Amino acid sequence: MRSATKTFVGLAGIGVLVATAKLGLPVTTANAATVSVATTTDTSSSQTATNTDTTASTSTTATTSTTTKTATKTTTKKTTKASTSTSSGSGTSTATPTPTPTPTPTPTPAAANSGTKQGQAYEQVFGSNITISVTKSNGKITEVTCIDCNATHGYSRAFPALVQATLAANGTNYGTQGNATYTTIAFKKAVKDALAKF
Amino acid sequence: MSQTAPQLTLTPPNTRVRLGAKKLLQLKRSQDIIETFAWATVVFVAAMFFLDGGLAKFGNLNDILQSTSRLTALIGTDLLLIHTLLVARVPWLDKLYGHDKVTIAHKKLGKPILYVIAAHFLASLVQFAIADGKSLVAEMVNLFVNVPDMWSATVGFVLMLVVVVSSINAARKKLSYEVWYVIHLLAYISILAAVPHQFSTGSDIAGKPLQTLFWVSLYLFVALNVVWYRALGPLLLNLGLGLRVSAVVRESSDTISIYLSGRGLERLGGQAGQFYMLRIMNKENWDKPHPFSISAAPNNRFIRFTIGDRGDFTSQLPDLKVGTRVFLEGPYGVFTEERRTKEKVTLICAGVGAPPIRALAESMAARPGDITIIYRVRSYEDAALLSEIEQVARHRGFRLHVLSGKRGSANSWLPGHLNDVPDHARLIEMNPHISESDVYICGPGPWTHAVEKSLKRVGTPATQIHAEEFAW
């Protein structure tokens with residue numbers, strides 16, 4: 001590479017990295033906020049988790065975390081993602097699960113593609129059960145509720161993010177959330193279990 | 001040995017070659033584009049990680065390990081795919097850099113990539129172990145059993161360790177080429193074994209459309225290049241050509257020429273100065289490709305390699321039977337007229353370096369006096385292809401200097417009896433236009449460096465000096 005090109009490519013590369021790092025930071029402060037919210041809801045679970053076995057049921061619904069998310073978020077790509085998920089999330093907060101985007105006029109399978117089902121999975125490594133319920137409307141996941149979501153070692157903080165990811169992906173096509181590999185695997189299993197019942 | 005060499009008829013020179021500095025500029029531009037693209041992929045994966053807020057997740061030890069693991073995985077995998085592409089012998093890289101430079105870049109990247117991937121492996125393992133409160137060994141077992149696709153990723157990492165360890169200099173000296181080569185093939189398995197966990201367990205691909213598109217296309221691009229240029233392309237070409245040994249001829253006390261014939265030789269598309277990987281398709285040698293330069297300009301009647309007796313493989317070549325099947329991979333190298341920018345050319349060779357110089361002399365278009373050939377040999381009896389070079393020089397009006405005799409002073413590339421004046425003075429005496437000509441040098445490494453030193457002293461710009469280093 002000629003030295004002029006090298007300088008240009010080097011500076012442009014550093015520029016892109018700095019810019020993306022800056023853009024990435026506000027998103028994570030937002031994430032940090034949700035995590036703190038999540039921990040407040042999860043404190044009960046982490047406290048009970050130390051008591052083990054006694055299945056403490058924490059219900060972390062999608063709405064609690066999403067509303068806080070939109071409050072803190074301003075720019076970047078992730079915002080669009082979050083706002084789309086909040087639209088469906090706020091739909092559930094109004095209690096009537098009638099989603100604002102009402103396309104897909106598929107008549108007969110719509111009945112089969114709507115409703116609420118429960119899914120279960122066993123988290124092998126830490127030995128806890130995960131029970132969730134998935135609400136679908138016209139084939140789109142509109143609500144994911146934790147009926148019994150437990151994780152030791154503070155991994156319960158991953159559940160809000162997992163709920164969000166499930167809503168955003170309308171399924172289980174997402175990677176590990178909140179550093180919680182095992183919890184993510186188990187949660188996805190539970191969602192798949194629920195989806196299989198539709 | 002059979003003596004039925006085809007009658008020597010010189011191929012008409014290639015008159016379509018373009019000269020001038022513009023060509024050089026275009027070459028540099030193309031190189032810049034390719035390299036920028038390569039670096040851009042590294043910047044892209046890091047940038048997407050940053051956009052995802054990766055940089056902010058350095059709050060506690062757990063996050064630091066996790067983020068380190070992700071970033072090293074992204075950069076390491078990206079570099080690993082570039083590293084693989086560099087050894088796929090793709091013509092579009094070979095044309096820009098030459099086989100030697102591409103191979104050197106591949107070698108240089110090997111160890112750093114292992115370090116980056118090892119950092120990913122350790123950061124992940126330690127992070128999981130701390131988080132779960134288990135020992136490293138117990139956690140390893142845990143990952144192996146309970147996390148999807150982690151077992152194959154671990155196998156891939158172990159294979160990568162084996163490949164790199166077998167390639168460090170100390171190990172290369174102890175291993176035969178064949179053993180090393182088979183171990184090196186494990187690298188492909190290593191890369192493939194690591195793919196599933198990136199998509200199923202990783203945080204950076206699944207559910208992210210842009211990243212998914214990027215990684216899937218990068219994997220496919222590299223895979224297609226490797227499969228086509230490394231395996232399928234050469235195989236189909238060789239099946240079509242059906243190359244066989246048509247004659248084996250002794251050229252000097254320790255040199256022989258092998259003539260190959262086949263159907264539609266023009267399909268090989270080589271140029272004078274390039275080389276092929278030659279595979280003798282018999283029981284002992286089919287799995288041992290060796291690089292040799294063609295020693296006659298490409299023509300439709302035969303391909304000729306002139307080979308010195310230098311080792312195990314070359315010493316058995318005189319007994320090669322006519323009709324033996326041969327596979328060729330190539331052509332490779334940029335020791336060609338593609339790199340010529342000047343009207344005047346100086347061709348300098350020593351001993352084993354004669355074949356490509358002989359081919360270049362035959363195919364270069366020039367006015368009488370424009371080309372000077374300098375041929376350094378120990379003695380006239382050892383001078384392979386000398387009569388042919390003389391014939392070309394006479395026919396085309398090129399000047400020829402044959403420098404025969406024992407070596408003189410240690411730093412000189414000239415025979416002892418010419419050491420009364422410095423080498424570079426002798427060079428100007430042999431060719432007064434040396435500083436304004438393109439110079440092609442082919443010979444043993446240290447000798448080539450000595451010639452390059454003299455060229456620098458007489459003021460030949462580095463861009464006009466062409467020497468191919470032997471590195472495979």
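The accessible surface of chain A comes to about 9,500 Å², with 62% of it on carbon and sulfur atoms. Such areas come from the Shrake-Rupley method with a 1.4 Å probe, and for residues only the protein chains shown count as cover. This is a predicted model, where local features need pLDDT of at least 70, side-chain atom pairs count only at pLDDT 80 or more, and totals for chains, interfaces and linings use all residues. Residues are numbered from 1 along each chain as its sequence is written, chains are lettered from A and ligands numbered from 1 in the order in which they are written, and side-chain values use heavy atoms, without hydrogens and water.

Trainee: What pattern does chain A follow along the sequence?

Mentor: Start with the parts: chain A has six helices and three strands. Helices (H or I, at least four residues) and strands (E, at least two) are DSSP runs, numbered from the N terminus. Read along the sequence, the pattern is α-α-α-α-β-β-β-α-α.

Trainee: Which cysteine is joined to Cys146(A)?

Mentor: Look for a disulfide, a pair of cysteine sulfur atoms within 2.5 Å. The structure holds one over all chains. Here the S to S distance is 2.5 Å, and the partner of Cys146(A) is Cys149(A).

Trainee: Is Cys149(A) buried or exposed?

Mentor: Buried means under 20% relative accessible area, exposed over 50%, and partly exposed in between (1.4 Å probe, protein chains only). Cys149(A) has 2% relative accessibility, so Cys149(A) counts as buried.

Trainee: How far from Cys349(B) is the nearest cysteine sulfur?

Mentor: Cys349(B) is in no disulfide. Cys349(B) is buried, with a relative accessible area of 0%. The nearest cysteine sulfur belongs to Cys442(B), and the distance is 7.5 Å.

Trainee: Which residues does Leu81(B) contact, leaving aside neighbours within four places in sequence?

Mentor: Contact means heavy atoms within 4.5 Å. By that rule, the partners of Leu81(B) beyond those neighbours are Trp215(B), Leu218(B), Tyr219(B) and Val222(B).
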